Amino acid sequence: MPTVLVVVGRVTPADVTRLCAELAGRLEGTFVTEVICDVAGLTDPDLTAVDALARLRLTARRAGCRMRLHGARHDLLALLRLVGLTDVA
């Protein structure tokens, strides 16, 4: 069963650290192999949101998991492509 992390609203730089710590805490001591990052409620995606997703992916990988996005809007996907993070999407 995958772990689901929901990201809503506008992501701030302070949120990046909090989200990564939350995900690491959820994965610690588990045998989860997949993280689903639900970004359907993400508003105004920008480079801070992209940074958060890249760091969340890194956090998931360090725990031996792969990460998938759920509910990503076209503007977020375009930003991810622009910065070369198509494997996050």
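Buried means under 20% relative accessible area, exposed means over 50%, and partly exposed lies in between (1.4 Å probe, protein chains only). This is a predicted model: local features need pLDDT of at least 70, side-chain atom pairs count only at pLDDT 80 or more, and totals for chains, interfaces and linings use all residues. Residues are numbered from 1 along each chain as its sequence is written, and side-chain values use heavy atoms, with hydrogens and water left out.

View 1. Helices (H or I, at least four residues) and strands (E, at least two) are DSSP runs, numbered from the N terminus. Helix α3 spans residues 74-82. Leu 76, Leu 79 and Leu 80 are buried there. Seen down the axis of α3, these buried residues fall within an arc of 100 degrees, so they line one face of the helix. The arc is that of the directions from the helix axis to the C-beta atoms. On the other side, His 74, Arg 81 and Leu 82 are exposed.

**View 2. What α3 packs against.** The buried residues of α3 pack against β2, α2 (47-62) and β3. Contact here means heavy atoms within 4.5 Å. Just after α3, Gly 84 takes a positive phi of about 80 degrees.

**View 3. The open sheet.** Three strands form an open sheet in the order β1-β2-β3, with parallel pairing. Two strands pair if DSSP finds at least two bridges between them. The edge strands, β1 (3-9) and β3 (66-70), each pair on one side only.

**View 4. Where β1 meets β2.** Strand β2 covers residues 34-42. Six bridges join β1 to β2, and the two run parallel. Gly 9 has Leu 42 in β2 as its bridge partner.
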